[in-house]
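I opened this model to look up a handful of local features and then the packing. My notes follow in the order I took them.

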Amino acid sequence: MSTWNYVVTAHKPTNVTHSCVGNFSSPQELNLIVAKSTRIEIHLLTSQGLQPMLDVPIYGRIASLELFRPHGEAQDFLFIATERYKFCVLQWDTETSELITRAMGDVSDRIGRPTDNGQIGIIDPDCRLIGLHLYDGLFKVIPFDNKGQLKEAFNIRLEELQVLDIKFLYGCLKPTIVVLYQDNKDARHVKTYEVALKEKDFVEGPWSQNNLDNGADLLIPVPPPLCGVLIVGEETIVYCSANAFKAIPIRPSITKAYGRVDADGSRYLLGDHAGLLHLLVITHEKEKVTGLKIELLGETSIASTISYLDNAVVFIGSSYGDSQVIKLNPQPDAKGSYVEVLDRYVNLGPIVDFCVVDIERQGQGQVVTCSGAYKDGSLRVVRNGIGINEQASVELQGIKGMWSLRSSTDDPFATFLVVSFISETRILAMNLEDELEETEIEGFNSQVQTLFCHDAVYNQFVQVTSNSVRLVSSISRELLNEWNAPSGYSVNVATANATQVLLATGGGHLVYLEIGDGTLTEVKHAQLSMKSHVLTLTHWSNWEGRLFLDLFFFAPLKGPPYLLCALGDGHLLNFQVNMSSGELTDRKKVSLGTQPITLRTFSSKNTTHVFAASDRPTVIYSSNKKLLYSNVNLKEVSHMCPFNSAAFPDSLAIAKEGELTIGTIDDIQKLHIRTIPLGEHARRICHQEQSRTFAICSLKNRSSADESEMHFVRLLDDQTYDFTSTYPLDIYEYGCSILSCSFSDDPNVYYCVGTAYVLPEENEPTKGRILVFIVEDGKLQLITEKETKGAVYSLNAFNGKLLAAINQKIQLYKWMLREDGTREIQSECGHHGHILALYVQTRGDFIVVGDLMKSVSLLIYKHEEGAIEERARDYNANWMSAVEILDDDVYLGAENNFNLLTVRKNSEGATDEERSRLEVVGEYHLGEFVNRFRHGSLVMRFPDSEVGQIPTVIFGTVNGVIGVIASLPHEQYEFLDKLQSNLRKVIKGVGGLSHEQWRSFNNEKRTSEAKYFLDGDLIELFLDLSRGKMEEVSKAVGVSVEEISKKVEELTRLH
């Protein structure tokens, strides 16, 4: 049964919704704070750029984010309000580098109509009150007392019902708001009000301004000395204050975001819907405003927020494209642009559609998304783990170890690759043609296995074998010196650096040598009794006689140093090391596979990481003071060493079954994302295995003069992602759905596209088409088309036929051969009774329909009668945004209040009435708007692991989240449910927000506790807890820390 589900995020939200700049982490430091809908990130401005300090989830969708400084404080506080009417005030704690909650509360009202234009949260510049506009006709005030503490909130009636924007004015004796609103004749005006805190009421303000630009929808309050407000419209910008009124015309545009440049507010950056960045200047003589000037600076991503950082560097946060850090140059470049992009932050949002494909045919899914919007539209190829880009490979069996050597101490690149086998050692080197070929180092003993090899000082190499240590000149390649093992003993393990060698022989002897110019000196020899060897380890824990393979010290640039211990059964232990006392703390154990592990460091982009070679190769890296593990997309790796040669800079040499590969490594991160910029908005995507192509439905905005759109069906090669063919749709015709399918009695595979004619005068489309294409020589050929009486919202392959959802109807078409040998689609039967059938999934003869507002219904196709009938439906009013079938009886849906639900077919019901109901089983607040579910997996499925058998569904959301829903066996669900409720007590939400309330199902009518869904993001936080907290949870659950860790780690392999 798929009733017990586990929801987890594979890719965090990347859509930047808010940002602000201030002195948050200390009075001297400047911080950029970025909100990504349900997360906040805090960055520090340094001379090297933005440095991340903190990235935390917020249990709510952020509606407003403001920095402010209460009286008597040296640094800023952060105010956050969420869409579900909670707010909190946060302060940075320098000791622990965490957020402390200064205040929190609930500002919901029992009655009131939520505003249409979104919530507004503003703070008086003199910190006398916080103002909130949450419901039509009400302005909520949270006053500060003179110590900066918040007092009880109250509402003031606001006459203006259609509010577009509200801001506080600067430089007013009493707190004063300025309100931009629309009247019932659609004219727009501005009014000011003073807030009388004692009387809890408004007093008419100092000025007002009627009949503004029809498109006015943004207010920018200007700080002292100028004061007043800027009103930004679609065709004019107006400066307004009690004693001045200035206006300038602008090129028609919709301004989405603004950022203040100077503290005195004389210059502002404005970002519009086309991604153009303008500078608005208020010209003034002393405190008298004389006019406005506007200048185009250049193009950026379409901005949702703009924060001026410092020294002409600006952060552009985007919801429709990648966020950017840009520099404004004093002189324009060749294209006349003043904008230079310094850095990009990938944003997958909004994911309008995606498909799961295994293009490399390795048994690992990749997700290809339609991301972004308008000019920032793109395809993104997302795959789990770190890819190795192969540069060269050679067949070699039985490799036992590898090391790279430089030909001289000051050579930046490696020349030799030493490869060790059971009874010999071979040396490979780069020749002039940049090929690897075998060579000799005369001083090396190549008739035996090499245990260790290293560059040494004075242009020397050191080679350790089981019976000697050899020192060899790297210039003449001759043997300079040799240390022999005592007779009867052989060297078992060894390590070395440029000046020292440490080795252990049988019988517990440890020998320490020092390397000089042509000399090897035995400095110390110690005898270890076997007892002491065991004792040094037993006070950590009982090792159960496990085999140690590798001990490793890893000191990342930021964060504490670690000791890593690899064991013979595929487990890895890590400890934090206290450098002054040598004490080991915070022991954690992870399983990286089932085979012995060997550890090596390597560097990529100037950062050191650890490569763990085993049957599941993994890169271990440090981020945000945590150790993270990312799997490498290779089957099994026995050995690895860095090989930074002139021909292959920053490469790795990797030994896997039967071959030696040299390759470069992708960026070190959990997910690898490749961007294919389209410059247009892709809305639907589909993959066709047989023709090795993708087909997309996309739209392109023509030049902004006539603002008309062109819609296309485009074909792309699935390796290069180049457009190979384009079929333009008619004027006003949109592509709504796309499908690759085949029909009965026809071996060919076709692309079917459903369209709608969206005419300006119609509320709902009354006409559409179904187009059937075949791919020939990489080109789209139209085979046949069929006109429909509405928009074709969905297409499905159904028993060798084509099932279409057209407005309120489900229609089944069959594939017919005409007498002249051409093909056509012919209507067979249909089913009415939906408001708009937007989302359809099928399984066998069953059809599951997600309706615009009538939730989910189940239909069945009857072969004998050739008819479609309704079998059952959910009678709740849910506005669906996506549906998917989990198994024969359980169906998954997402709706427009950011909830997930599962419904179950009740085939055992006693009466017809019971059988005709889909009963709601699971409910959960995801906090994300889901556009699509697809069956599939992002990770390689190992059948031997517990999670190998768990079915998963992937979802994509407007904020750029890629998530996974896994259906668990019942006993695993019960265990995790208990773990989750105990973790809620230990892990507290930022700002005192409750996890239980956040995950509770919530729509306009009701709120009810989440059921039959678990929050994987919370459960997986268990692995980041300190040892003490882990034990606290383990005691409450009644299961050992090791056992819980193992179960939770298995789950992390789902994504």
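I began with Asn459, which sits in the loop between strand S38 (450-456) and strand S39 (460-465). Helices (H or I, at least four residues) and strands (E, at least two) are DSSP runs, numbered from the N terminus. The model is predicted, so I kept its limits in view: local features need pLDDT of at least 70, side-chain atom pairs count only at pLDDT 80 or more, and totals for chains, interfaces and linings use all residues. Residues are numbered from 1 along each chain as its sequence is written, and side-chain values use heavy atoms, with hydrogens and water left out.

I checked the backbone of Asn459. Its phi is positive, about 50°, although Asn459 is not a glycine. Asn459 counts as partly exposed, at 24% relative accessibility. The cut-offs are under 20% relative accessible area for buried, over 50% for exposed, and partly exposed in between (1.4 Å probe, protein chains only).

Tyr732 went into the notebook next. Its phi is near 70°, a positive value in a residue other than glycine. I located Tyr732 in the loop between strand S61 (723-728) and strand S62 (733-741). Tyr732 is partly exposed, with a relative accessible area of 41%.

**Cis peptide bonds**

I noted a cis bond from Pro224 to Pro225, with omega near 5°. Pro225 is in the loop between strand S18 (218-221) and strand S19 (229-232). I also noted the bond from Gly349 to Pro350, which is cis with omega near -20°. Pro350 lies in the loop between strand S29 (339-345) and strand S30 (353-357).

**A buried loop serine**

Is Ser645 buried or exposed? Ser645 is buried, at 1% relative accessible area. I found Ser645 in the loop between strand S54 (637-643) and strand S55 (651-656). I then listed its contacts, leaving aside neighbours within four places in sequence: Phe413, Ala414 and Met430. Contact means heavy atoms within 4.5 Å.

**Whole chain**

I counted seven helices and 83 strands in the chain. The radius of gyration is 33 Å, close to the 31 Å that the globule rule gives for 1055 residues, so the chain is as compact as a globular protein of that length. That radius is taken over C-alpha atoms, and the rule is 2.2 Å times the number of residues to the power 0.38. The C-alpha trace spans about 105 × 85 × 65 Å along its principal axes. Buried residues make up 55% of the 1055. Among contacts between residues at least 6 apart in sequence, 49% join residues at least 24 apart.

**Cores**

Which residues touch the most other members of the largest nonpolar core? I found Tyr6, Leu78, Leu979 and Phe1022, out of 61 residues. Helix H3 (residues 970-986) gives this core its largest share, six residues. A nonpolar core is a set of buried Ala, Val, Leu, Ile, Met, Phe, Trp, Tyr and Cys residues joined through side-chain atoms within 4.5 Å. Beyond its neighbours within four places in sequence, Leu979 is in contact with Ile1019, Phe1022, Val1033, Val1037, Ile1044 and Val1048. I logged a second, separate core of 28 residues, including Ile441, Phe452, Val464 and Ala496.

**Helix packing**

I looked up H3 against H7. They pack at an angle of about 110°, with axes 12 Å apart. That makes H3 roughly perpendicular to H7. Axes are lines fitted to C-alpha atoms, for helices over the stretch in contact, and angles run from 0 to 180 degrees between N-to-C directions. Under 35 degrees counts as roughly parallel, over 145 as roughly antiparallel, 65 to 115 as roughly perpendicular and the rest as oblique.

I turned to helix H6 (residues 1027-1037) and helix H7 (residues 1041-1052), which pack at about 95° with axes 9 Å apart. H6 is thus roughly perpendicular to H7.

**Last entry: Glu1049**

I placed Glu1049 in helix H7. Glu1049 counts as buried, at 8% relative accessibility. Leaving aside neighbours within four places in sequence, I found Glu1049 in contact with Lys589, Val590, Ser591 and Leu1023. The C-alpha atoms of Glu1049 and Leu592 are 9.7 Å apart, while the two residues are 457 residues apart along the chain.
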